[in-house]
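Hello,

Here is the structure I promised to pass on. Please have a look, and then read my notes below.

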Amino acid sequence: MAADNVLGEFLKARRGRVAPAAGLAGPGRRRVAGLRREELARLAGISEPYLTRLEQGVDRHPSPQVLRALARALELDADAAAHLSALAAPDPVAPSESEVSRDVHRLLDAWLDAAAYVRNRRFDVLAANKRARALAPMYEPGHNLARDMFLAPGVRQLFPDWPEIAAQTAAALRAETDLRDPRTALLVAELEADADFRRLWARHDAQPSRDELKRFRHPVVGELCLRRQALTVGGAEEQVIIVYQAAPGSASEAALARLA
């Protein structure tokens, strides 16, 4: 399989996670986990030779109808189906590396009661306000959030729910980046030095960052429970603003205020 065959890798990995339905599996010992290639082809209504070409990277741009059929057969949720469609899109133009505008910098600094930073789709931190930089070293501009999540000392102690946050990070990185981008490929290769990342990445989960609660165990102010929100920057869609806020009147709000 070609090193850049991201569509084929996804199809093969995800069919390995689908249990054969009753009456579908043929006789004999199964040598693969999940669906056999011929079983997936039958469920999706396509020929086995065509599915073989897709998995081997010979054909990389199936039609929308084929993609929808594969998504149904593979039991993909909406996020994973969208990721499948993105993998089958024509090779993209390399994204521009635009700078964070002065207006966005002013917006970050105006959030006096929140920790906020800007990252790109490759999870590089581009800008951050004072409270975000005090919340964690990984939010300093120049850091990469995925690299720090898996490779930086002390990060696993920062997040009480590290296994869950790590899984979310791997799934968001897969969903939001273009794996055909050479810089993204280099980042993934570096992260694969970590066994936890390799295990999570091999699952081929894909889910963009969601608004959710996240717990921190800060070495100075103790535990915080903060609501994360992700906002796209208009006119610079490669940039995402992440904002962490505490519930009004909560102990986390008081702890966050002490980080200023």
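Predicted model: local features only at pLDDT ≥ 70, side-chain atom pairs only at ≥ 80, totals over all residues.

**Loops with positive phi**

Glutamate 75 is exposed, with a relative accessible area of 58%. Glutamate 75 sits in the loop between α4 and α5. Its phi is positive, about 60°, although the residue is not a glycine.

Phenylalanine 123 also has a positive phi without being a glycine; the value is near 75°. This residue belongs to the loop between β1 (115-120) and β2 (125-128). Is phenylalanine 123 buried or exposed? Its relative accessibility is 4%, and the cut-off for buried is under 20%, so phenylalanine 123 counts as buried.

**Helix α5**

Helix α5 covers residues 78-87, and its buried residues are Asp79, Ala80, His83, Leu84 and Leu87. They span an arc of only 140° around the axis, so they lie on the same side of α5. An α-helix has 3.6 residues a turn, so residues three or four places apart point the same way. What do the buried residues of α5 pack against? The partners are α1, α4 and α10 (162-176).

The N-terminal end of α5 is capped by aspartate 77. One of its side-chain oxygens lies 3.3 Å from the backbone nitrogen of aspartate 79.

**Helix α2**

Helix α2 runs over residues 37-44. Glu39, Leu40, Ala41 and Ala44 are its buried residues. They pack against α1 (6-15), α3 (48-56) and α4 (64-73). Glycine 45 follows α2 and has a positive phi, near 75°.

**The cores**

The largest nonpolar core holds 66 residues. Which of them touch the most other members? They are Leu70 and Tyr139. Leaving out residues up to four places away in sequence, leucine 70 touches Leu11, Leu40, Ala44, Ile46, Leu51, Leu54 and Leu84. Leu40 and Ala44 are among the buried residues of α2, and Leu84 is one of those of α5. Another core, of 11 residues, lies apart from the largest one. Its members include Val100, Val104, Ala114 and Ala127.

**Leucine 151**

Leucine 151 is in helix α8 (residues 145-151). Its relative accessible area is 35%, so leucine 151 is partly exposed. Neighbours within four places in sequence aside, leucine 151 contacts Glu190, Leu191 and Asp194. Alanine 193 is 42 residues away from leucine 151 along the chain, yet their C-alpha atoms are separated by 8.7 Å.

Best wishes

How values were computed: Residues numbered from 1 in each chain as written. Heavy atoms only, no water. Core = buried A, V, L, I, M, F, W, Y, C linked by side-chain atoms within 4.5 Å. Buried < 20%, exposed > 50% of the residue type's maximum accessible area, 1.4 Å probe, protein only. Contact = heavy atoms within 4.5 Å. Helix = DSSP H or I, 4+ residues; strand = E, 2+ residues; numbered from the N terminus. Arc of directions from axis to C-beta. Polar contact = N/O pair within 3.5 Å; in protein donor to acceptor, adjacent residues only side chain to side chain.
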